[in-house]
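Subject: A structure for you to explore

Hello,

Here is the structure I promised to pass on to you. Have a look around first, and then read on for what turned up in it.

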Amino acid sequence: NIVNLQRFYCCVCISYFKTVLWSTAQKKILLLLFLLFYYCFRSMALRKTKKEEDTIKGIAKPSIVNVVATALLSSQLNLNELKGKISNSQYNPKKHSGLILRIREPLRATALVFASGKMVIMGTKSVEEVRTAANKFASIIAKAHGGGGESKKVLKVKESNVHNVVGRADVGFQIQLSALASHHAEFTSFDPEVFPGLILFQAVGEQKSVTLLIFHSGKIVLTKGKSRADIELAFKTILPTLEQFKASS
């Protein structure tokens, strides 16, 4: 493979340096060529490794499209007061008890904020982004409560929990959904007159499961995971089964 070829090349070049007499200029040129080829081989090896890490059996791993989480602030809030002080906010207590906040920097996210200090955060793509968004929302709310001056209210995120990680994947081939449903009726639900996709429940642990929405085209939506690892494990586990029900072209 590429890594072994790279090692072999290094050994050959080192041995050649030791055994052959060269002028200083020739040695400099050979050293430059050695470094050039070395970095070429290294770049090829890194690209191959990254490609293997990003795929499962040659198929791209699911991409995370949404993470839904909750966060709890350190104090209760006056939503009527916040409504008039924060731009990009919406609050209509007759329709919903929460205030809607949106941010675009440092990332795009939406929060549903309640008077109790609880927030439901949507639109992030990772657990790290959940924390970043929660802290940003807390900062915006604290600044609004303090009037934007030195009297800025101290407001911290006490805790945050991920409740739903949503992923999307494409296996690259069409799937016989009716056959899949009939052979695995115990953990699938399929009624094409109601919904065109097959719903499959895939266990990813003793007390955890991921719900997959599988379509004839080969596109899959994975939801109800608690982490990226849950989504990738569910996809990796179900992939051999899907290959058994690959539709003939």
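Predicted model: local features only at pLDDT ≥ 70, side-chain atom pairs only at ≥ 80, totals over all residues.

**The overall picture**

The protein chain has six helices and twelve strands. Of its 249 residues, 36% count as buried. The accessible surface of the chain comes to about 15,400 Å², and carbon and sulfur atoms hold 55% of that. If you look at contacts with a separation of 6 or more, residues 24 or more positions apart account for 60% of them.

**The sheet**

Ten strands form an open sheet with antiparallel pairing, in the order S4-S5-S6-S7-S3-S8-S12-S11-S10-S9. At its edges are strand S4 (89–90) and strand S9 (188–189), each of which pairs on one side only.

S5 (residues 99–103) and S6 (residues 109–113) are antiparallel and share five bridges. A hairpin of five residues connects S5 to S6. As background, most peptide bonds are trans.

S5 also pairs with S4, in the antiparallel sense, through two bridges. There, Ser-89 stands opposite Leu-101. What are the covered and uncovered faces of S5 made of? Leu-99, Leu-101 and Ile-103 make up the covered face, while Ile-100 and Arg-102 make up the uncovered one.

Asp-170 has Lys-219 in S12 as its bridge partner. S12 also pairs with S11, again antiparallel, over four bridges, and Ile-214 stands opposite Ile-220 in S12. The hairpin of S11 and S12 has four residues between the strands, and Gly-218 takes a positive phi near 100° in that hairpin.

**Helices against the sheet**

Helix H4 (residues 127–145) lies across S3, S5, S6, S7 and S8, and runs at about 130° to S7. Helix H6 (residues 228–244) packs on the sheet as well, touching S3, S8, S10, S11 and S12. The direction of H6 makes about 135° with that of S12.

**Two nonpolar cores**

The largest nonpolar core has 29 residues, and those touching the most other members are Val-171, Ile-175, Leu-212, Ile-214, Leu-222 and Leu-242. S3, S8, helix H5 (177–183), S10, S11, S12 and H6 each give two or more residues to this core. Which element gives the most? That is H6, with six residues.

In soluble globular proteins, nonpolar side chains tend to be buried together.

**A pair to look at: Asn-164 and Lys-224**

Asn-164 lies in strand S8 (residues 157–170), and Lys-224 is found in strand S12. Are these two buried or exposed? Asn-164 counts as buried because its relative accessibility is 19%, under the 20% cut-off. Lys-224 counts as exposed because its value is 51%, over the 50% cut-off.

A polar atom of the Asn-164 side chain lies 2.6 Å from the backbone nitrogen of Lys-224. Leaving out neighbours within four places in sequence, Asn-164 is in contact with Asn-66, Val-67, Val-68, Thr-223, Lys-224 and Gly-225. Lys-224 has one more feature to look for: a positive phi of about 70°, although it is not a glycine. Most residues other than glycine have a negative phi.

Enjoy exploring!

Best wishes

Conventions: Residues numbered from 1 in each chain as written. Heavy atoms only, no water. Buried < 20%, exposed > 50% of the residue type's maximum accessible area, 1.4 Å probe, protein only. Contact = heavy atoms within 4.5 Å. Areas by Shrake-Rupley, 256 points an atom, 1.4 Å probe, with all protein chains shown as cover. Polar contact = N/O pair within 3.5 Å; in protein donor to acceptor, adjacent residues only side chain to side chain. Pairing = 2+ DSSP bridges. Axes fitted to C-alpha atoms, helices over the stretch in contact; angles between N-to-C directions. Core = buried A, V, L, I, M, F, W, Y, C linked by side-chain atoms within 4.5 Å.
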